[in-house]
Amino acid sequence: MTPADLSRAVLSAVRSAVDGGELAVAVPERVVVERPGPGGAGEWASNVALRLAREAGRPPREVAEVLRNRLVAAPGVAGVEVTGPGFLNVTLAGDSVGALVDRIAAEGEAYGSGDALREAAPVAVPDGTELRARIVAEAAGRLVRAQGGSVRGGGAAPVPARPGLGSEAVLGDDGLRWALLHPAPHDLPHGAEVLEQRARNPLFRVRYAYARSRGLVAGGAALGIVPGSGPVTGEAARVLTGLLGEQPAVLVAAARKGAPDRLARQLVTLADAFFDFHDSCDVLPRGGEKPGAAHRARLALAEAAGTVLAGGLSLLGISAPDHL
């Protein structure tokens with residue numbers, strides 16, 4: 001079960017409780033699940049009970065208990081615990097990491113694309129002639145169309161393949177796009193720092209994380225290790241898996257808002273989580289260590305991270321080289 005699947009399961013529990021007369025509320029359009037905060041439990045959490053409590057005229061924990069009793073019976077859910085003022089904390093059944101890795105492997109760089117905006121109104125994107133507006137509009141249009149939606153504004157007209165103009169051309173096509181897309185709309189574009197091949201350059205970190213994942217897969221192949229889904233332990237792996245699971249929701253949110261900067265910043269967070277995972281364990285065996293199931297599972301998770309990074313960069317119109 002992915003976070004998107006769990007979100008639908010929580011929404012179904014709300015709808016079931018309303019239909020059964022246990023809750024008198026309007027069923028929300030969507031429910032967000034995220035990693036538990038301090039004091040939480042399980043793998044995923046939702047604050048939907050706190051959101052519905054006022055309308056229901058009941059304490060949040062009572063609302064949460066109503067939803068817990070229905071959600072715990074959902075396929076793929078191993079357990080549900082109510083914590084704090086009324087958070088639903090969910091533990092998934094089976095090998096949720098392996099299922100996610102398998103899904104990413106099957107969908108490739110298209111992971112996270114879908115039809116979430118197929119019935120939605122066209123998304124407004126920048127319509128100016130200024131270069132930043134055009135590049136943002138192009139990337140936003142690509143995000144929207146990947147979710148089955150349509151745009152109104154400049155996203156309908158692609159930017160030339162080589163948009164660099166004047167002194168901006170020194171950044172190169174990829175550097176220029178990142179310099180204009182990564183900052184929030186109210187922030188100034190980046191400068192020549194996007195050319196630095198060092199960790200303080202977020203574009204370098206994202207692309208190097210992808211290149212490192214490809215290097216691990218190649219190294220594994222040289223040792224006869226084929227990536228294979230399976231349980232991966234450790235906090236760094238949990239964080240990385242959570243971010244990979246969130247990617248479809250991130251793409252939908254960025255598309256709804258016509259905001260490629262959200263995706264760019266998420267890719268930086270994902271790259272940093274990949275390096276934390278990489279540094280926390282031996283993805284490949286060291287010395288005379290024999291390859292085992294743990295190495296295959298770690299390698300599969302690393303490969304999945306690289307696939308998601310490459311897919312995100314592609315949506316931004318930025319290349320993902322195998323070597324830097």
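Which helix gives the most to the lining of the largest pocket? In this predicted model, that helix is H8, with 9 residues.

The largest pocket holds about 870 Å³ of space. Its lining is made of 29 residues, and those closest to its centre are Ala4, Arg30, Pro248, Ala249 and Val252. By kind, the lining of the largest pocket divides into 13 nonpolar, 6 polar and 10 charged residues.

The second largest pocket has a volume of about 280 Å³. It is lined by 19 residues, of which Glu43, Ser96, Val97, Arg238 and Thr241 are the closest to its centre. Two elements give two or more residues to this lining, namely helix H4 (96-107) and H8. H8 again gives the most, here with 4 residues. The lining of the second largest pocket is split into 8 nonpolar, 7 polar and 4 charged residues.

Rolling a probe the size of a water molecule over the atoms shows where empty space is left. Over the whole structure, the search finds 1 cavity of 30 Å³ or more. The largest cavity contains about 50 Å³ of space. Its lining consists of Gly108, Glu109, Tyr111, Gln247, Leu251, Thr307, Val308, Gly311, Gly312 and Leu315. The elements with two or more residues in that lining are helix H8, which spans 235-257, and helix H10, which spans 293-315. H10 provides the largest share, 5 residues. Sorted by kind, the lining of the largest cavity has 4 nonpolar, 5 polar and 1 charged residue.

H8 and H10 meet at an angle of about 30°, and their axes are 11 Å apart. Angles under 35 degrees count as roughly parallel, and H8 and H10 are therefore roughly parallel to each other. The crossing in which H8 passes H10 is left-handed.

Helix H7, residues 202-222, packs with helix H9, residues 260-280, at an angle of about 45°, and the axes of the two are 9 Å apart. That angle makes H7 oblique to H9. H7, too, passes H9 in a left-handed crossing.

Is leucine 270 buried or exposed? Its relative accessible area is 0%, and buried means under 20%, so leucine 270 counts as buried. From leucine 270 to glycine 98 the separation is 172 residues in sequence and 18 Å in space, C-alpha to C-alpha.

Other residues lie in loops. Alanine 26 is placed in the loop between H1 and E1. Its relative accessible area of 48% makes alanine 26 partly exposed, because exposed means over 50%. Alanine 26 and leucine 243 are 217 residues apart in sequence, and their C-alpha atoms are 30 Å apart in space.

Glycine 37 is also found in the loop between H1 and strand E1, which covers 44-46. With a relative accessible area of 44%, glycine 37 is partly exposed. In space, glycine 37 and phenylalanine 87 are 9.9 Å apart, C-alpha to C-alpha, while in sequence they are 50 residues apart.

Where is valine 72 placed? Valine 72 sits in the loop between helix H3 (60-71) and strand E2 (77-83). At 32% relative accessibility, valine 72 counts as partly exposed. A distance of 38 Å separates the C-alpha atoms of valine 72 and isoleucine 225, which are 153 residues apart along the chain.

To return to the opening question, H8 gives the most to the lining of the largest pocket. H8 also gives the most to the lining of the second largest pocket, and in the largest cavity H8 is one of the elements that give two or more residues to the lining.

Conventions. Residues are numbered from 1 along each chain as its sequence is written. This is a predicted model: local features need pLDDT of at least 70, side-chain atom pairs count only at pLDDT 80 or more; totals for chains, interfaces and linings use all residues. Side-chain values use heavy atoms; hydrogens and water are left out. On a 1 Å grid over the protein atoms alone, a cavity is a set of points where a 1.4 Å probe fits but cannot get out, and a pocket is an open set with protein on both sides within 12 Å along at least five of seven lines; lining residues have an atom within 4 Å of a point. Grid points are joined across faces, edges and corners, and a volume is the space filled by probe spheres set on the points. Ala, Val, Leu, Ile, Met, Phe, Trp, Tyr, Cys and Pro count as nonpolar, Asp, Glu, Lys and Arg as charged, and the others, Gly among them, as polar. Buried means under 20% relative accessible area, exposed over 50%, partly exposed in between (1.4 Å probe, protein chains only). Axes are lines fitted to C-alpha atoms, for helices over the stretch in contact, and angles run from 0 to 180 degrees between N-to-C directions. Angles under 35 degrees count as roughly parallel, over 145 as roughly antiparallel, 65 to 115 as roughly perpendicular and the rest as oblique. A crossing is left-handed if the near helix is turned anticlockwise from the far one by less than a right angle, and right-handed if clockwise.
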